[in-house]
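Please look over the structure below before reading on. The report then takes it apart by strands, sheet and helices.

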Amino acid sequence: MILDLLVAMMKTIFSLLILILSFSLFSQELFSTKFRIKNEGQNFFKLDAQAASLSNNIIRNNAFLSFISPEEVNKDFKSCWKKFILNRSVKIEIKKSKYKQIAINNEYFIYQTTFNPKDVNIINVSLNQFKNFCKIN
Amino acid sequence: MKKLLILLALPCSLYAMEVFEEEFPDGEIQEEYSLDGQACFDYIDGKGWSEGENTRKGKSFYVGVGIGSSGASMQQVSYIDSIQNAFIRAQMNAKTDMAENQAKQITSEISNEFVQSFKEGVKPVDVVTNNDLEAQNYEELSVYQKMKLLIHQKLDESISSENKDKVGENERELQQEIDSILSQNVFRDSIEATASSNIRGMKVVYSNLSAKPNSNKTNVCNVVVWSENFVKYADAMTTGNFKVLSNPKKKKKPLKDQVKKGDALMVTFGTFMDRDENGDMSILSYAQSGIKSSTSNSQQAAIRTAKLKAERAIIQFRSENVEVQEKIDNFEITTEKANGMIDTYTEENIDRRQRASANGTLQGSKVIHRWVQRHPVTSRPVAGVVVSWSPSDANFAKSMKETLEKEPDASGSSTEYQVIQPQEYDSGSSGGDDEDDF
């Protein structure tokens, strides 16, 4: 009887634990991509400046992710964004982005840029503006 | 059992560290290379921290890594100062990273312009637009216009034909070049990013120096930690509200005993914060400078330089405004010529600027340790100091200042002159000369 009770208790605790774990792991949507810089024997200052600039480039090219959910992401939106920002000034505010060196070899320095699209705010462009542009184009 | 299975399946489908990552080949990691700042990343891993926000026991704190590099050759006398500068840059990098982490503004401008100019046949004389609006003949000219004509004629006679031919040469060459172009496409991609912040209470918890003579490469890194508590401590240091810094229940060793020893001094830079024997939050600031020659003056100069940098680091800990500006400009110009040739010109300009400024009054700092050692990399002499700051020293300095600023008491002074009779005297003083202790 006591053993049955113990087993039932453990099952309940275990199932509750899994529920709690599932909520804590739920949807931390991060965008992460690697990029490389040619190893020309450049000094640290030049390398760091190149990495920072390329990281900003990646953020700009993927800022449209702040408008759409992960399920909606497809190549059409990406190519539409590239057309949208052509001949247009776009202002973006971002928090908690980072870039980090992850590997080096004879040919390249390899970096990784990570950011959460929810921390991206495109200041002078609205979701409707972008979606209407994509519909027309 | 069935219920348990369902619950197990649910979290797997919901599991979302939803990282949508683009495919990219890593390449091999070659053994002779190591990542810049690897020691600092290993330190963070060892602590179970991650870069950015961390949470422990319900409290959040920020962990950052600053990386710098020495630009000087190991053979140069200024190499040691270059390492100190590298640590200062690493600290600045850590702070600007934190500023960017809070908020970064990015402005993007892409433009693409295409121009085509097509010509065929011989250009006719334009009769309609080139009507002569001046006089029909010489007699109709005014005196002024006749004078102008005379001056022009005289000038033409005195200027050599060679010089006449040179006029407009560049313009003619340019026109020829333009005439040969059929079309041109100019693509420009410009991204500018800025971030700024006032950083208070960022302290160093680990610093590392990595020197590789084979590649003449010296990298430095430091691990910095920031939390709201540190901000309170930094603000308390500025405002003089030292009660915030005090916790008698958390007494530690005296500051002098907390100073690093031996070779550890070579790789310790920046401000470290910990409690002293009274339980007060105090600061130890490490700095060093190369000794340029074997003279005593040179040594003293190095110590003074190191002291100034250590004191400046304490001010920077209290409050520092940092700003970073990054810009990348890409140009691509494609020119198609009338003869069918296509030229492509590309240009990329990258600009990264960081600024940091701090100012303030420092009261109660003192040099707690001075040292001179041979540097482990170059064997050249290095001088360094450890400057401490504590609330008790600040209070003492404050009361000392107040006492000295008071006007001296004029009453009771005597101006009477007394004649003395000097006596013969011969004596000395010694201490610690017990031979049993030798």
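What follows is a short report on selected strands and helices.

## Basis of the model

The model is predicted: local features need pLDDT of at least 70, side-chain atom pairs count only at pLDDT 80 or more, and totals for chains, interfaces and linings use all residues. Residues are numbered from 1 along each chain as its sequence is written, while chains are lettered from A and ligands numbered from 1 in the order in which they are written.

Helices (H or I, at least four residues) and strands (E, at least two) are DSSP runs, numbered from the N terminus. Two strands pair if DSSP finds at least two bridges between them.

## An enclosed strand

Strand S13 of chain B covers residues 381-389. Of its 9 residues, 8 are buried, so S13(B) is largely enclosed by the rest of the structure. Buried means 20 or more other C-beta atoms within 10 Å of the residue's own; exposed means 12 or fewer; partly exposed lies in between; C-beta atoms are placed from the backbone.

S13(B) is bridged to two strands described here. Strand S9 (residues 281-290) of chain B runs antiparallel to S13(B), joined by 8 bridges. There, Gln288(B) has Gly384(B) as its bridge partner. Strand S12 (residues 365-374) of chain B is also antiparallel to S13(B), with 9 bridges. Val367(B) stands opposite Val387(B). S12(B) and S13(B) form a hairpin, with 6 residues between them. In its turn, Ser379(B) has a positive phi of about 60 degrees.

## A sheet across two chains

An open sheet of 6 strands runs in the order S5(A)-S2(A)-S4(B)-S5(B)-S10(B)-S11(B), with antiparallel pairing. Strand S5 (120-122) of chain A and strand S11 (342-357) of chain B stand at the edges; each has a single partner strand, so one side of each is left without a neighbour in the sheet. Neighbouring strands are turned by 15 degrees against each other on average, direction ignored. Axes are lines fitted to C-alpha atoms, for helices over the stretch in contact; angles run from 0 to 180 degrees between N-to-C directions.

Strands S5 (residues 181-199) and S10 (residues 320-337) of chain B share 18 bridges, antiparallel. Arg188(B) has Phe331(B) as its bridge partner. Helix H3 (residues 79-102) of chain B packs on the sheet. H3(B) touches strand S4 (104-116), S5, S10 and S11 of chain B, and its direction makes about 100 degrees with that of S5(B). Contact means C-beta atoms, placed from the backbone, within 7 Å.

S10(B) and S11(B) pair antiparallel over 16 bridges. Val322(B) stands opposite Ala356(B). The two strands form a hairpin with 4 residues between them; Gly340(B) in the turn has a positive phi of about 95 degrees.

How many residues of S11(B) are buried? The count is 0 among its 16 residues. Asn349(B) lies in this strand. Asn349(B) counts as exposed because it has 11 C-beta neighbours inside 10 Å.

In helix H2 (residues 38-47) of chain B, Ala39(B), Cys40(B) and Tyr43(B) are buried. They cover an arc of only 100 degrees around the axis, which puts them on the same side of H2(B). The arc is that of the directions from the helix axis to the C-beta atoms. The buried residues pack against strands S3 (59-69), S6 (202-212) and S7 (217-227) of chain B. Gly48(B) follows H2(B), with a positive phi near 80 degrees.

Helix H4 (residues 143-158) of chain B is hardly covered, with 0 buried among its 16 residues.

Technical notes. Two residues are in contact if their C-beta atoms, placed from the backbone, lie within 7 Å.
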